[in-house]
Amino acid sequence: MTGRVSILAFLLASGVVQGLPGLPRTQALGFAMAVLAVLSLALVLARPGGLRVLSWRWLVPLWAAWLGLAYTVAMAQQRLADELTEDNQNKVARVVLQVAGLVRLGADSRMFEADVISSRPAGVPSRIQVSWGAPGHSGPYGRFNAPAFDFPKLAPGQVWRMTLTLKRPHGARNLHGFDYEGYLFAQGIRATGSVRGTPVLLEDRPWASLPIAAQRMRHRVRAAASPFLEGMRYGPVLLALSIGDQAAIDTADWQVFNRAGLSHLIAISGGHITMIAAVGGLTAFWLWRRARWNRRMLAEYIPAQIVAALAALAVAWLYCLLAGWGVPARRTFLMLAVLALAHIFRMRLTASRVLCPAALAVVLLDPWAMLASGFWLSFGAVWVLMASGAWWGRQMRKAGRSRLRAAWLFIVSATALQLAITVALLPLLALLFNEVSLISPLANAYAIPLVTLLVTPLSLLLALLAFIPGLEFAAAWAAWLGHAVLEALMHPTVWLTRLELASVNVAAAPAWMSLAAVLGLLAAILPYGLPMRHAAWLLMLPALFWRPERPSAGGWNLHALDVGQAASFVVQTANHVLVFDTGLRSGPQSDAGARIVWPFLRAQGENNIDVLVVSHADIDHAGGVRSLLAAAPVQQSYSSFDLQAHLKREAGLLGLPGQLPSLPLAMTACEYGAAWQVDGVAFEFLWPLRTEPNKARKGKSRKSNDRSCVLRIRGRHHSILLTGDIAAAQERALLDRGLAGVDVVAVAHHGSLGSSAVQFVNGVQAGHAIAQAGAWNRYGHPHPKVQRRWEDAGAQFWRTDRDGAVQVQSRSRGLVAQSVRHMRKRYWQGR
């Protein structure tokens, strides 16, 4: 028991490091080690007895915790040291590199991980992520019907000489949002580079290392199987089930899988790996029992059970390499390795004796594995599986039953176990993704057996047959049949996800509630022990039904989201929510509305939008409108343009003519004089003037920026001014019309030098000025002169490229402003 407690102490200490704002100093680790050494020496010199034995039981886990802390800190320091030097930041470098991972194929781009061999100048990290875009700007709606750019064939193992613009990893930081910087750091990627000019292929090393060889095999499987999947609606899903390449799966399909709770089936999960390993082990068992050598059965030399265990482990290892060796794959292989070794050496096993060594091995190989949600879901799923009762000896086949009935009962039992996993992990999924799928048990009831027993084996059969010359017909048949089964199960799944109650949003709960929910889940599924353990499910209710604190009447919360070189604000009052602008559309299937704004609203417990304001039609302000309208019902919208016409035009550009999202119940033009009041907070448009659209047709200087909606929000204690992209001329007009002091100002046009005139800055006398801008944007926003103007006027200047999302709260006790990068600082954040 002490050994398992020590492993848990090691894992806990390692996990704590990943949540720290900075790494512990070496002196502190040395002092802790000295204290433990003194205590250990005292115990050695102490007289034998019960106290001594008891002391070792708690001292050994303390040493394990120190080792976990020291090991993780040492690994983190090593990775931090492998960074892009300041001299190379956003500069051009000539790099010789080797393609290290499976290349992500886009219509107009290629992206891959690479190992740096040499660089000029020096100071480039050993592992970088390279983006190679097609010449010319394809635009946010793609290249329309233009032919795709003819990229050279990229494959793992190739050595290229490239000219790259290198940057340190940087991503949007929003409350409860995806930490892109942390994700890249966990992958060991310490810089990103975009290709300039024409790269040169130097040589090909397909067998440079085992990881390169595995990635090259994945590349070859994709190249061989892809022709058989062309034109198939769910062809990329079959490819994902065979080699783990999920990049080509449509965004809309992911939304269906997530809402139906089927994402675990689309990834190469532990269940798939275990199934393939079982097939390999049973095949080896059958063959070994019948094989002979020198007129003697091979089973007389080595028992067939041992050969089957080793064969299953070898098959699992090969499949994990083909799947990309991700966290779920590593976890499954290491767990199978523990089981195989225990079977060979006839060791007694329990759930903790399997899970603890496997988790320790995963973290030793990759200390950042615990940052991935897959780590927790994978081990949680196996814990539920073992706690279900089958692990501790439920008899799967009784005497007298036929093999056919035994096989049928096995399928039913396996499906029931998978359903148990699905239901038991719903609370954990809610905490991780802020959504509970109510249709998940029903969808998994038919999807689990079909995907596990038919679709996945057929996708693997396709990958095998595609390599064998002369078997093209068989490969095409496997692709057709696998796709037909998948398409058949997707019909009811899509219908279920369109139901109004298909899923329920869950707000992001505080850490202590989340911890209580996880402990309740673990206690509830224990196979024995705690009295009234089934009542532990009640510990999850506070986290599932918790709602963030809302301001009282007259107060408000302002969230300036980090949406890059774009704009989006969320304003919450006591019972209402307003969204001002929706961020940027960056591609045909990617926009800030779906990636940032809606997930943030969902984490805040918002299910609908009371008021949506789109200041003007520029794509960095209106780019996420379509996704936001599709995700949440909107009661009222205001815009300085015809919103419905804009959506129709955008649908045509996306190749979806006539397919519009649900429109707001009421759509109104934003213009001077429009006002309303809710929850003791007054909202009033100050711009544009009602005559502005007519003048715009005559004056050549009139642009959409000049007609941006300007909204003033006045609560009982403080006020906000949201300005869109107005310029100095509109700012002067606002001052002339009586605009006075404001507490918080959204800096116009991302901090452009053409806005924030001195008279305006001095006139509004804001205490806080917020500029939404993207890191290293080509416009130089916010301009240094603009920042100095606001700071010289006494305002605290916030910028989302440096501070992340900014949150401002208005209460009777005062105005409180803070940023996500300071609230939730992590040691890997860029300096």
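Two strands are taken to pair if DSSP finds at least two bridges between them. Helices (H or I, at least four residues) and strands (E, at least two) are DSSP runs, numbered from the N terminus. The structure is a predicted model, in which local features need pLDDT of at least 70 and side-chain atom pairs count only at pLDDT 80 or more, while totals for chains, interfaces and linings use all residues. Residues are numbered from 1 along each chain as its sequence is written, and side-chain values use heavy atoms, with hydrogens and water left out.

An open sheet of eight strands has the order S18-S17-S16-S13-S12-S11-S26-S27, with mixed pairing. Strand S18 (666–669) and strand S27 (814–819) are at the edges and have a single partner strand each, so one side of each lacks a neighbour in the sheet. From one strand to the next the twist averages 15°. Within this sheet, S16 (residues 609–614) and S17 (residues 634–639) are parallel and share five bridges; Leu612 has Ser637 in S17 as its bridge partner. Helix H20 (residues 592–603) lies across S11, S12, S13 and S16, and runs at about 165° to S13. Axes here are lines fitted to C-alpha atoms, for helices over the stretch in contact, and angles run from 0 to 180 degrees between N-to-C directions.

Ser819 belongs to the edge strand S27. Its relative accessibility is 1%, so Ser819 counts as buried (under 20% relative accessible area, with a 1.4 Å probe and protein chains only). The Ser819 side chain reaches the backbone oxygen of Asp803 at 3.2 Å. Apart from neighbours within four places in sequence, Ser819 is in contact (heavy atoms within 4.5 Å) with Trp798, Asp803, Ala805 and Val806.

A further set of strands involves S22 (residues 719–722). Strand S21 (residues 710–714) pairs with S22 in the antiparallel sense over four bridges, and a hairpin of four residues joins S21 to S22. S22 also pairs with S23 (residues 744–746), in the parallel sense and over two bridges. Ile720 is the bridge partner of Ile713 and has Val744 as its partner in S23. From S22, Ser719 and Leu721 point one way and Ile720 and Leu722 the other, and all are buried.

Helices H5 (residues 210–229) and H10 (residues 304–322) pack at about 75°, with axes 8 Å apart. They are therefore roughly perpendicular (65 to 115 degrees). The contact comprises Leu210, Ala214, Met217, Arg218 and Val221 of H5 and Trp317, Leu321 and Leu322 of H10.

Conventions:
Parallel < 35°, antiparallel > 145°, perpendicular 65-115°, else oblique. Buried < 20%, exposed > 50% of the residue type's maximum accessible area, 1.4 Å probe, protein only. Polar contact = N/O pair within 3.5 Å; in protein donor to acceptor, adjacent residues only side chain to side chain.
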